[in-house]
Amino acid sequence: MRITSVDVVLAEAPGASPAFRWRDGLPGSDGPHTAGWLVVTTDEGLSGYAPCRRGPILADIVNRRIRNEFVGADPLRREWLWHRMWELDRMEEFPIYVQGVVDDALWDIAGKAAGLPVHKLIGGFRDSIPAYASTVTFSSIAEYLDVADQCLELGFPAIKLHAWGDVNRDAELCRALREHVGPDVPLMYDGSAGFDLLDAIRLGRVLTEHDYLWYEEPMREFSVTAYRRLAESVGVPLLVGETSDGAHMNTADFIASGCAAAVRTGTYFRGGITGSLRIAHLADSFHLRAEVHGGWPLSNTHLCMAIPNTTYYEYLVDSNPVRRTAEVDEKGLVHAPTGPGMGYEDLWAATGAPAALKTVLPPA
């Protein structure tokens, strides 16, 4: 089997409805924008799909670099192609998500060739996993507590806060939420890289006192040393390596420093399924969990089903009243996909992308 074409189909995507906020200093949800689909086609009639939020950026990189490297290659040689992507990255400094998009499309082809969903092709570990409620930024402590009540009533077993990025307000919120839900609900906090070391320590001590399950990305992940100093100063477990470049290579340094109580993995930021599995296996060798990042639900759902050392599926709670979509059932569980490959066909068809592809591919 050989790759015959690599294309990006641009698709206009609506903005989030309702729009939502992140912490102070970060942009909120996207408005209407141009997304894209990577489409890798083979001479045996199999196509691999992967969506990307930033269609024009992906199209530029595919047109200049990736297409020439991939056309004619065997799509089942994922390891070789993954290493080629790192060689190209040396010259291009790809956005962190590009490697993941390309790798996921190749896994889609592999699953279809085998007649298996990707998680079973990997080996499979579970058929379902609990989803935690991961909030956006709401307006007040009272609203957060209301949202938490709704999440628990909808079956979510755990809650993660994205708050305001103000150390005093966030500390007050973390105390209030623990007092509100009691000692038995797992709670997590995500700082979205909003603090320096001093404020990260201050907030981390509050999370320690109130028995939070993990403390995620309080600082930018450029300095492993700063994270080591944070780990030495607080008792709450640190979940590290979410958006730092370098996939498993960078994660290894976090682990070696001693600061990692758990690590992040996930297809969008950590090099697709291939990079995510490297991280999960690396973490497992140190008896660490590799918690799967939210977003890109199908590829990360497959990952959640395939690796043993992950606890939850991250589900974004982006509105009040809280919405629980069909991917999460009334018991708060996400179930394994059953079709071959990734299973993007319904979403691909719903965007109108198949028709758009006719304007990209040359005539037969």
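Is K160 buried or exposed? With 0% relative accessibility, K160 counts as buried (buried means under 20% relative accessible area, exposed over 50%, partly exposed in between, using a 1.4 Å probe and protein chains only). This is a predicted model, where local features need pLDDT of at least 70 and side-chain atom pairs count only at pLDDT 80 or more, while totals for chains, interfaces and linings use all residues. Residues are numbered from 1 along each chain as its sequence is written, and side-chain values use heavy atoms, with hydrogens and water left out.

**Confidence**

- The protein chain has a mean pLDDT of 94, with 96% of its residues at 70 or more (pLDDT is the predictor's confidence in each residue, from 0 to 100).
- Residues 357-364 have pLDDT below 50, and this stretch has eight contacts in the model beyond near neighbours in sequence (contact means heavy atoms within 4.5 Å).

**Around K160**

- K160 belongs to strand β5 (helices, H or I with at least four residues, and strands, E with at least two, are DSSP runs numbered from the N terminus).
- Its side chain makes polar contacts with the side chains of Y132, at 3.5 Å, and E216, at 2.9 Å.
- A polar contact here is a pair of N or O atoms within 3.5 Å; within protein, one must be able to donate a hydrogen and the other to accept it, and residues adjacent in sequence count only if both atoms are side-chain atoms.
- Leaving aside residues up to four places away in sequence, K160 also touches others, including S134, D190, W214, R264 and E314.

**Aromatic rings**

- There are 15 aromatic pairs, counting rings of Phe, Tyr and Trp (its six-membered ring) with centres within 6.5 Å; planes under 30 degrees apart count as stacked, over 60 as edge-to-face and the rest as tilted.
- Y97 and Y268 are stacked, because their ring centres are 5.4 Å apart and their planes sit at 10°.
- Y97 is in the loop between α2 (78-92) and α3 (98-114), and Y268 in the loop between β9 (262-265) and α10 (272-285), so the pair ties together parts that are 171 residues apart in sequence.
- Both Y97 and Y268 are buried.
- Y144 and W164 make an edge-to-face pair, because the centres are 5.4 Å apart and the planes at 90°.
- Y144 comes from helix α5 (residues 141-153) and W164 from the loop between β5 (159-162) and α6 (167-181), so this pair ties together parts 20 residues apart in sequence.
- Y144 and W164 are both buried too.
- One aromatic cluster is formed by W37, Y49, Y344 and W348.

**Charges over rings**

- R53 has its charged end over the ring of Y268, 4.9 Å from the centre (the rule asks for NZ of Lys or CZ of Arg within 6 Å of the ring centre and within 35 degrees of the ring normal).
- R178 lies over the face of Y212, 5.8 Å from the ring centre.

- A226, Y227 and L230 are buried in α8 (residues 224-233).
- These buried residues of α8 fall within an arc of 100° seen down the axis, so they line one face of the helix (the arc is that of the directions from the helix axis to the C-beta atoms).
- They pack against α7 (197-209), β7 (214-216), β8 (238-240) and α9 (247-257).
- In α9, the buried residues are A247, N250, T251, F254 and I255.
- Just after α9, G258 has a positive phi of about 90°.
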